[in-house]
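Work through the exercises below with the sequence and the structure open beside you.

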Amino acid sequence: MSKTAFEIHDMTVAYHRRPVLWDIDFELPEGKLVGIVGPNGAGKTTLIKAALGLVPLASGKVEIYGKSYQEQRHLVGYVPQRESVDWDFPVTVRDVVLMGTYGRLGWFRRPGRAERDIADRCLQQVGMASFAKRQIRQLSGGQQQRVFLARALAQEAQLYFLDEPFGGVDAATEVAIVELLHTLRSTGKTVLVVHHDIQTVREYFDYVILLNMRLVACGPVETTFTNENLQKTYGGRLTILDEAAEAMRQREPNR
Amino acid sequence: MTGSIFVLGLTLTNKVMIGTAVLGGMAGVIGCFAVLRGRSLVGDMLAHSALPGVCFAFLLLNSRSLLGLSIGALISGLFAIGAVTIITHWTRTKEDAAIGIVLSTFFGAGIVLLSVIQKPSVGGNKAGLDSYLFGEPGNMLTADLYLLTIVAVIVLLIVAILFKEFKIICFDTDFAKSQGWPTLSLDLAIMTSLAVVTIVGLPIVGVILMAAMIIFPAATARFWTHQLHTMLLLAGGFGIAAGLLGTKFGQGLPTGAAIVLTAAAMFVLSILFAPRQGMIARLTAEVRLRRRMAREHLLRSLFELSESALPQLPQIPLQRLRDYRYWRSLDALLSKATEKGMVTRLGQAVQLTAVGYRHAAELTKAHRLWEMYLMQHANIASDHVDRDADDVEHLLPESLLVELEQQLASAGRLPALIAEVPVSPHQLDSDANPPKH
C-alpha cells in the first residue's frame with residue numbers, strides 16, 4: 001500500500017450554519033486520479049474548498065501527507081471553476097500562469113526569468129504555448145480552462161484539486177486534460193477532480209468519491225463505482241439531511 | 001486667503017496645479033484596484049459619509065487644518081463602512097442598497113452639521129469648510145500640499161511593493177487564499193489606501209465629485225491597455241492630466257467640477273478613439289468586414305455564373321447578375337472591384353479578370369467545403385445550407401479550411417479542387433541541406 005496523500009477526518013462544513021457536508025471521512029493513496037461525483041448541490045465544490053481552507057470547517061480535520069493544510073500548502077495545486085474569475089481582467093495568459101509561482105516566491109519577490117521559463121513550459125504542456133502573450137479576454141472557454149490548468153502546473157505540486165475542469169470545454173481541450181491527468185499520474189501526483197459526467201468516470205479515473213451531502217462511497221472505480229452506489233448517490237435527495245439542515249438554518253433569526 | 005503670495009517659491013495657481021495633479025495621480029492608481037474589484041462605489045460612499053466627520057472635527061479642533069479634518073473624515077468613513085457591513089450581514093438588504101442608504105444618511109447628517117456651523121454663534125475660521133461640498137482648491141494651504149504629497153508617496157510605495165500581491169487577490173481571491181496569501185488584510189490595505197486618498201482629496205474636488213477622481217482615470221486607462229502595470233501608469237497619468245488641465249482651463253470656474261469634467265472628456269475621447277476597443281475602431285472593423293463580405297459575394301456569384309463556360313471567362317450581362325441574388329449596392333461594388341482589377345466592365349456586362357478568377361475560385365472553394373461539411377456533419381438540409389455557410393465562411397480561419405479540406409479529402413468526398421502545385425523545375429536547396437532551426 002502506497003503513502004496516503006490526502007485524508008479527511010470526520011469533517012462537517014456549514015454555510016451560514018446550514019450544513020452542506022456531513023461527517024465526511026476518507027483517505028486517498030498517492031498517485032491516483034480521483035473523480036468526485038455526485039448530483040448538483042451534493043457539496044463537491046465545497047469539499048475541495050474545505051480541503052483548501054477556503055471555507056471554515058464546522059468540525060473535523062484535513063490532512064495532506066499527514067500534516068495540516070497550512071503546513072503543506074506548497075504541495076497543493078488548485079484549479080478553481082472557470083467562471084469564478086473576471087476574464088476581462090487586464091492580464092496576459094503568461095501573467096495568469098505566473099500566478100502559480102507566487103506562492104513559492106513569497107512576499108515582495110517578483111517572478112523572474114526562471115519563473116517565466118516554468119510558465120512557458122506549463123503552457124506548452126497544455127498546448128497553449130503560442131498564446132503566452134495573448135490577452136485572456138480573447139480566449140475561448142476551453143482555452144481559459146487550459147490556462148488555469150497551466151497555472152496549477154506552475155505550482156509544481158504533489159496534490160491537485162480540479163473543480164470541474166471538463167465543464168463546457170471543447171473536445172480538443174477534453175482530450176488535452178485527460179492526457180495531462182495521465183502525465184500527472186505517471187509522475188506520482190494525486191489529482192482530485194470534480195466531475196459531472198458519469199459516463200466517463202470509468203474511463204478517466206482510478207478512484208471515485210461518491211458524494212451527496214454525505215460520503216456515499218470512496219474507493220477504486222472497479223469496486224466502488226457500482227450501480228448500487230450510484231443509486232444511493234443519485235436516488236433522490238436525502239430528505240432527512242435536507243430537513244435537518246433546514247432546521248439548523250431556521251434557528252438563526254432574520255434570515 | 002493667501003492670494004498670490006509666493007510660498008515655496010510657488011504662486012497659488014502653481015500650488016493648486018501641483019496639488020490637484022498629485023491627487024489625480026494617486027487617485028488614478030489606487031482607483032484601478034477599486035474599479036477592477038468592482039468596488040468603485042466604495043469611494044463614493046467614503047466621500048459622502050466623510051462630511052459629518054469633517055464637521056465634528058472642525059467643531060472639536062476649531063480649525064480647518066487638512067490633517068485634523070481628514071482624521072475626522074476617516075473616522076466617520078469607517079463608521080459608514082461598518083454600517084454597510086452590519087446592514088448587509090444582518091438584514092436582507094443587498095450591498096448596493098445598503099451603500100445608498102448609508103451614504104445618503106451620513107451625507108444628510110453632514111449637511112445639517114454644516115448649517116449649524118455656519119451660524120454666527122459658532123466660532124472659528126469657517127472659511128473653506130464648505131469647500132468640502134463642491135471642492136475649492138483655492139483654499140489649499142502649503143501644509144495641505146505637503147500632506148497630499150506624503151500620502152501620494154506612501155500610497156504609491158504600497159502599490160509598488162505589493163503589486164504582485166494586489167494583482168493576484170484582485171484577479172482570483174480564492175486561488176490567492178489557497179496559496180496562503182492573507183487576502184483579507186491585502187484587501188484591507190487596498191481599501192484603506194483608497195479611503196485615505198479619497199479623504200485627502202475631499203477639500204479639492206469636494207464630497208460629491210470625489211468618486212469621479214477614483215473611477216474616471218482607471219476606467220479611461222482600461223480602454224488603452226490590457227496590462228495591469230500599464231493600466232496603473234496610464235491611470236496615474238490621466239489623473240495628473242485631469243488635475244493640471246482642469247485647473248488650468250477651469251480658472252474662474254469651480255475647480256473641482258472643471259477637473260472632473262476634464263476627466264470625463266478624456267473618458268469620452270477614449271470611448272471613441274481607443275484602438276480596438278474604441279467605438280470608431282469597432283465600427284471601422286465592422287464596415288470593413290461588411291465590405292469584404294459583399295466583395296466576396298460578388299466574386300463568388302461571378303464565378304458561379306461563369307462556371308459553365310470555364311475555362312473561358314464569359315461576359316455576364318448585368319441583369320443576370322442582378323437577378324442572381326440580392327445586392328445592396330451593386331454599382332458601387334462593381335466599380336470598387338474594377339478598381340482592384342478583379343473584374344472588367346463592358347457596357348451592360350461584366351467579366352472576371354484572371355486575377356479576379358483566382359480569388360473567386362479560392363472563395364468558392366472555401367464556401368463549398370464549408371457547405372459540404374455542414375451537410376454531412378451538421379445535418380443541415382441542403383436547401384438551408386447556402387445561408388448557413390454564408391454567415392460563417394467569411395470568418396473561417398485559414399487553418400480550419402485546410403483541416404476541412406483534409407477531412408473531406410480523406411473521406412473521399414472531395415473533387416479535384418485542391419490546387420496542384422507543379423514539381424519545381426530546378427534543384428531545390430532543401431534537398432541538399434535541410435534548413436536548420
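**Exercise 1. Into which domains is chain B divided, and how far apart do the C-alpha centres of domain 1 and domain 2 lie?**

Solution. Bear in mind that this is a predicted model. Begin with the bounds: in chain B, domain 1 covers 12–277, and domain 2 covers 288–410. Then take the C-alpha centres of these two domains of chain B, which are separated by 58 Å.

**Exercise 2. In what order do the three strands of the open sheet in chain B lie, and which of them stand at the edges?**

Solution. The order of the strands in this sheet of chain B is S1-S3-S2, with antiparallel pairing. Strand S1 (316–317) and strand S2 (343–346) of chain B each have a single partner strand, so they stand at the edges and one side of each lacks a neighbour in the sheet. Helix H15 (residues 330–339) of chain B packs on the sheet, where it touches S2 and S3 of chain B, and its direction makes about 120° with that of S2(B). Turning to the pairing itself, S1(B) and S3 (residues 349–352) of chain B are antiparallel and joined by two bridges; in S3(B), Ala349(B) is the bridge partner of Pro317(B).

**Exercise 3. Trace the pairing of strand S1 of chain A with strands S2 and S4 of chain A.**

Solution. Start with S1 (residues 4–15) and S2 (residues 18–29) of chain A, which pair in the antiparallel sense over eight bridges. Within S2(A), Glu27(A) is the bridge partner of Glu7(A). The hairpin of S1(A) and S2(A) has two residues between the strands, and His16(A) takes a positive phi near 50° there. Next, S1(A) is joined by six bridges to S4 (residues 57–64) of chain A, and the two run antiparallel; in S4(A), Ile8(A) has Val62(A) as its bridge partner.

**Exercise 4. How many residues of chain A are in contact with chain B, and how do they divide by class?**

Solution. Counting on both sides, 18 residues of chain A are in contact with 20 residues of chain B. On the side of chain A that touches chain B, the residues divide into eleven nonpolar, five polar and two charged.

Definitions and conventions: Residues are numbered from 1 along each chain as its sequence is written. Chains are lettered from A and ligands numbered from 1 in the order in which they are written. This is a predicted model: local features need pLDDT of at least 70, side-chain atom pairs count only at pLDDT 80 or more; totals for chains, interfaces and linings use all residues. Two residues are in contact if their C-beta atoms, placed from the backbone, lie within 7 Å. Ala, Val, Leu, Ile, Met, Phe, Trp, Tyr, Cys and Pro count as nonpolar, Asp, Glu, Lys and Arg as charged, and the others, Gly among them, as polar. Two strands pair if DSSP finds at least two bridges between them. Helices (H or I, at least four residues) and strands (E, at least two) are DSSP runs, numbered from the N terminus. Axes are lines fitted to C-alpha atoms, for helices over the stretch in contact, and angles run from 0 to 180 degrees between N-to-C directions. Domain bounds come from an automatic or database domain assignment.
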